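Reader: Before I rely on any of the labels in this model, I would like to know what each one requires. Could you take me through them one at a time?

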Amino acid sequence: MKTSIPGPRSQELTKQLGDIQNVAAIHFFCNYDESRGNYLVDVDGNRMLDIYTQISSIPIGYNHPALLKLMSIPNNLSTLVNRPALGILPPENFPDQLTESLLSVAPKGMGRVQTMACGSCSNENAYKAMFIWYRNKERGHKSPSEEDLSSCMVNQVPGCPDLSILSFMGAFHGRTMGCLATTHSKAIHKLDVPSFDWPIAPFPTLRYPLEEFTRENAQEEARCLEEVEDLIVKWRQKGKPVAGIVIEPIQAEGGDNHASPDFFVSLRKIARKHGCAFHVDEVQTGGGNTGKQWAHEHWGMEDPADIMSFSKKLLTGGFFHKDEFQADKPFRIFNTWMGDPTKNLLLTEVLKVVRKENLLAEVTRSGKALMDGLYDLQAKYPGLLSRARGVGTFCAIDVCDDATRTSILVKARDKGVLLGGCGDRSIRFRPALVFKDYHVNIFLNIFNDVLAEHK
């Protein structure tokens, strides 16, 4: 570390950008040319161990040689230079690109994929796909009526039906209008924005360590599942049937909240029982940081979902889906770009590296080392830390209060470790898949020093 954070050059650039945009959320400016692997370098020359990775979005570290080599191949220049409107004019190699990248990691039962640009638009369009599927099911797949067509143009029923999506308190599914109606993690995300009257179920509040509170946690999950069914019935009676249920395998932004595989198995059955689509949002949990390509694989289900959205570590956004959720007409699920072929190109190379270097096994090993270290620090600083939890390197720990958490995050950054918060008092760990045991040890030593100063 060469300067305080933000350093003088970062402060200068923040002032310059502040004349153009809102910069209240900016931490510092980065020098991505100099960043390597697990280390992020800022414009003042500070080199930090990055365990937040652009909000969990860097799969194999900064400037990985395989990706730099890929970008230097002349045959790839056309993909870099021309960004096509994929829904109407895709490039010749696009089917092969999808087969080599996304379809090679398709979840069970979902052989179709629709690319999108980001997590929010992935979820937004997945919601539309669920609504279209539900209405077609009601019509018996007949063509929409003239009344459907005319009423939708003025935002009225039956063309714009009064359907709903059930989500969970603490969820984060994005910041676009439909997604915001299912996002319930921080007030600042939703404040002043009109929303829909859609049902919100409680997400289980589990006690940790999980193995010591099996009975209590099972009772809590049963309570939440019962509430889900009650809400589905209640909204049907209100004339706003639940077309779909959306849930994260781990509520990330909302505080790294976990539930057991049994909870998700039961929730899947409830969706099927009531004729609701089941949408698993793997935007943050997907891509390998739980030790499996998709977090829902830990549930051990043959039929885990109808739709599953992704982004972040997959570099492109989009959603996998079953055949029956395919849009029945052109332009129903559509925008100009519908993704970006360069990201599929990069993802193909990322997946090659993950397989060649057996990085999912590496995640499991380094994740165990990280969790063991967090358990030790939790025992050493019981007044500061609690509720260490995680799967793979997708880990979190609670701090005694929000102000102390903020102080710890700042002090860790000043000592060269970049971390992120989530929920009202949690610290979340989101390293790249190339995070090794020795990086865990570097982090734990610095984190211990920070905590010792607070003790």
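Author: Two strands pair if DSSP finds at least two bridges between them, and the elements themselves are DSSP runs numbered from the N terminus, helices being H or I with at least four residues and strands E with at least two. The model is predicted, with local features needing pLDDT of at least 70 and side-chain atom pairs counting only at pLDDT 80 or more, while totals for chains, interfaces and linings use all residues. Residues are numbered from 1 along each chain as its sequence is written, and side-chain values use heavy atoms, with hydrogens and water left out.

Reader: What makes β7 and β8 a pair of strands?

Author: Three bridges join β7 to β8, and the two run parallel; because at least two bridges are required, the strands qualify as paired. Within this pairing, Asp 281 has Ser 309 in β8 as its bridge partner.

Reader: What makes β7 "mostly covered"?

Author: Buried means under 20% relative accessible area, exposed means over 50%, and partly exposed lies in between (1.4 Å probe, protein chains only). In β7, five of its five residues are buried. Ala 277, His 279 and Asp 281 point one way from the strand, whereas Phe 278 and Val 280 point the other way. In a regular strand the side chains alternate between the two faces of the sheet.

Reader: How do you know that Arg 272 and Asp 303 form a salt bridge?

Author: The closest N and O atoms of Arg 272 and Asp 303 are 3.0 Å apart, and the rule asks for a side-chain nitrogen of Lys or Arg within 4 Å of a carboxyl oxygen of Asp or Glu, so the pair qualifies. Arg 272 lies in helix α11 (residues 261-273) and Asp 303 in the loop between β7 (277-281) and β8 (307-310), 31 residues apart. Arg 272 has a relative accessible area of 44% and is therefore partly exposed, and Asp 303, at 23%, is also partly exposed. Both residues belong to a network of salt bridges that also links Arg 268, Asp 306 and Lys 322.

Reader: Which accessibility class does Arg 405 fall into, given its salt bridge with Asp 402?

Author: Arg 405 has 9% relative accessibility and therefore counts as buried, whereas Asp 402, at 41%, counts as partly exposed. Their side chains meet at 2.9 Å, N to O, and both residues lie in helix α14 (residues 402-414), three residues apart, about one turn of the helix.

Reader: Why is the pair of Trp 133 and Phe 325 called stacked?

Author: Rings of Phe, Tyr and Trp (its six-membered ring) pair if their centres lie within 6.5 Å, and planes under 30 degrees apart count as stacked, over 60 as edge-to-face and the rest as tilted. The rings of Trp 133 and Phe 325 are 4.7 Å apart centre to centre, with 25 degrees between the planes, and the pair is accordingly stacked. Trp 133 is in helix α6 (residues 119-139) and Phe 325 in the loop between β9 (317-321) and α12 (341-356), 192 residues apart, and both are buried.

Reader: What kind of aromatic pair do Phe 429 and Phe 447 form?

Author: Phe 429 and Phe 447 form an edge-to-face pair, with 85 degrees between the planes and 6.5 Å centre to centre. Phe 429 lies in strand β14 and Phe 447 in helix α15 (residues 437-454), so the pair ties together parts 18 residues apart in sequence. Both residues are buried.

Reader: How do you know that the charged end of Arg 430 sits over the ring of Phe 394?

Author: The charged end of Arg 430 lies 3.6 Å from the centre of the Phe 394 ring; the term requires NZ of Lys or CZ of Arg within 6 Å of the ring centre and within 35 degrees of the ring normal. Arg 47 is likewise placed over the ring of Tyr 39, at 4.0 Å from its centre.
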